[in-house]
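Dear colleague,

Please find below the structure for your review. My notes on what was found in it follow directly after.

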Amino acid sequence: MLGALEFFHLRFAGRPLLLFACALLPLLVARRIRAHRAIRLSSTSTQSWENYALAAAGLVLAAFAIVAVWYASDSHFFDNAEPSVVAIGWLFHAGQPVYHLVDSAERYSHIYGPFAFIPHGLALATFGAGIVVAKTLSASAGVGSLALEYGALRWRGDPVRAVIFTGVCALLLLLFRNYSFWTRPDPFELVMVSGCLWLANVGPGDFSAVATGLLSGVLWNVKFTGPLYSLPILAMLHARTGWRGTLTAVGIALLVAITPFAAFSNVSFANYAEWLRLSARTGLLLSTLRQNLEWAGFLGLPVLLSYYAVGPALRPSGSEWRNVLVALMAGLIGIVVAGAKPGAGPYHLIPFIPIIVFVSARQSAGLLSPPADPVVPVAALAFLFVAGLIALAQQAELVTTMAERRSLNEADDVETFAETHRGRIEMGYGTTESLTFVRPILVFRNNSYLIDQPAVREQQLQGLDLPRATTDAIASCRVKYWLIPKGEEPFSGLNGYAAVFRRPLFPEEFRRAFHATYRHVETTAYYDVWSCGAIQ
Amino acid sequence: MRDKASEALTAYVVPAWWLLFPSFLALTCRLAIERACAEPYDLLPALTSKPAWAWTFAAVYVLAHVWLVSAYLLTVASSQSLLPRIRDWQAMWGSQLFKVWLMFLAFAIEYAPVPMWRLIGAALHCPR
């Protein structure tokens, strides 16, 4: 079973629209054959369909919560950039620069905005420095986004349908493995979008404008593409509050977005802008662009199906609703293109999921009798079937990978070594990467961070080689001990990005300096310890 | 059943074809050659790594998709069916229907399976 899911995951999980077409075709044929007793909802069966849907939604929501909590309950990460975000969050708390200079010895800056790191810094400062604290924060944001989505849906509809659509939202989030609760900025984006959706649609207009502006500011700050996610929400706000409310929200959002740069001396706007400028040099990948378009098409299906689920008289109409749909499409197109940068991908569409579900729920609010177009229930079934299949394959991959990683105990190994050795200890890199994911533990101790391999990988893609200052830092023994995954050649990783494929991440000069300065002095359960030669 | 918005949109979609179709067809043919004879998943790397070219290609590529989706949605709106029949397309587009078919053809080239292009590349003995 797992083998079949893995095969499916590798071959087909990235082709949702193709799978949808493959699922729809036999269902349409079956419907035609059984036309006289077709898969059409009758008015009396609507209630029983709702009951089935409610039960399924409950199961999906429970699965989402269980996987998110399970993932957060352990110090292992799935993805190589998750520990980077935690480490930089701690550096923010420690007063270190979030964005270092382009030519400084440190190599850890990423192009996420400060609000991607600040919540982690605050959580770590409040609840103690630990990987599980940061993971719990992200998982809370992921689960919290579903609670807010329910709030937004409940405000506009009955509780049963609100639960069903929240379940659909959870199912669509599970399509993207653990991205909605991993320790990267995406859960924060999700919770902000869901919060904005709720606030833009409830309460007095002035309150909505201010509150939407506050949350949008965080959203815009987390990633520079944030405003694109806000477009449909601003269109909803505009429908309720007019231009005054919309412009108030935009103004407040801009103020909030720039606040971290103005309020914290260790958050440099100039450096952040420079990293963004360098990132813009990488061009786009056409294969990723095509993939993004396919995912955008797939995720857009609920909007189309829900629109035609009800008769013309019951559909939301008027220029205000049309503006919401146009804004949603414009935002999707913008993200499809921005998400085609090397290293990006369809997961950048995740923050649209709560909006798509909300729009679909509103469009189908009048659905009490059989859908106006008989194709709708068949297509909806095919959509949910494909979504369920991909989600299952993605979650199987997550669970099997994490179960394997959880059997290791490298965090304790690093802690024990750090307890028994004095001087600055940093995580180095070998050929593989997963054993380096516990590196935040050492950043918590050092309050500094010299080399983050995911950042080096990105910077190489941007045409930035490792600067002389980093090699000098190695040669001058700035770090006393480097922990390198056991049995691996130090700093021997290769870049996986297509444009710089298989190029060594660390240049020969850097590795020569390392070998001239450091000696392999001992081995722990998981790491080779390289110590500065001068202390021998 | 065409409302004013549909008519206004159609008024943009029809002439936009002259701009989009030739450039999209040229791009898809070039990409097909790339898939057949070079690296099928890192398409036109020398050009797409330069932002100016990358954005130009992306604009053509995405707008062609938007054009086809718009054509489909307009047909759906006029026929009130998510699976419009041929006669619905004919009723919607009339003498302009060839534009839709030609755009479908360009999409068929673009979305043809990569293994097919690899086989064609091998049959043509093109250098890899």
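In this predicted model, 21 residues of chain B are in contact with 21 residues of chain A, two residues being in contact if their C-beta atoms, placed from the backbone, lie within 7 Å. On the chain B side, the elements that give two or more residues are α1 (4-37), α2 (45-48) and α3 (51-79). The largest share, 8 residues, comes from α3(B). By class, this side of chain B has 15 nonpolar, 4 polar and 2 charged residues; here Ala, Val, Leu, Ile, Met, Phe, Trp, Tyr, Cys and Pro count as nonpolar, Asp, Glu, Lys and Arg as charged, and the others, Gly among them, as polar.

Residues are numbered from 1 along each chain as its sequence is written, while chains are lettered from A and ligands numbered from 1 in the order in which they are written. As the model is predicted, local features need pLDDT of at least 70 and side-chain atom pairs count only at pLDDT 80 or more, whereas totals for chains, interfaces and linings use all residues.

Chain B itself comprises 6 helices and 0 strands; helices (H or I, at least four residues) and strands (E, at least two) are DSSP runs, numbered from the N terminus. Its C-alpha atoms fill a box of roughly 55 × 30 × 20 Å along the principal axes. Of the 128 residues of chain B, 24% count as buried, a residue being buried if 20 or more other C-beta atoms lie within 10 Å of its own, exposed if 12 or fewer, and partly exposed in between. Among the contacts in chain B with a separation of 6 or more, 73% involve residues 24 or more positions apart.

Turning to chain A, the domain assignment, which is automatic or taken from a database, gives domain 1 (2-26 + 192-403) and domain 2 (410-535). Their C-alpha centres lie 37 Å apart. In chain A, 7 residues of domain 1 are in contact with 8 residues of domain 2; the domain 1 side divides into 3 nonpolar, 3 polar and 1 charged.

Strand β4 (residues 527-532) of chain A has 6 of its 6 residues buried, so it is largely enclosed by the rest of the structure. Strand β2 (residues 481-485) of chain A runs antiparallel to β4(A), joined by 5 bridges, with L483(A) opposite V529(A); strands pair if DSSP finds at least two bridges between them. Strand β3 (residues 518-523) of chain A also pairs with β4(A) in the antiparallel sense, over 5 bridges, and R519(A) stands opposite S531(A). β3(A) and β4(A) form a hairpin with 3 residues between them.

Yours sincerely
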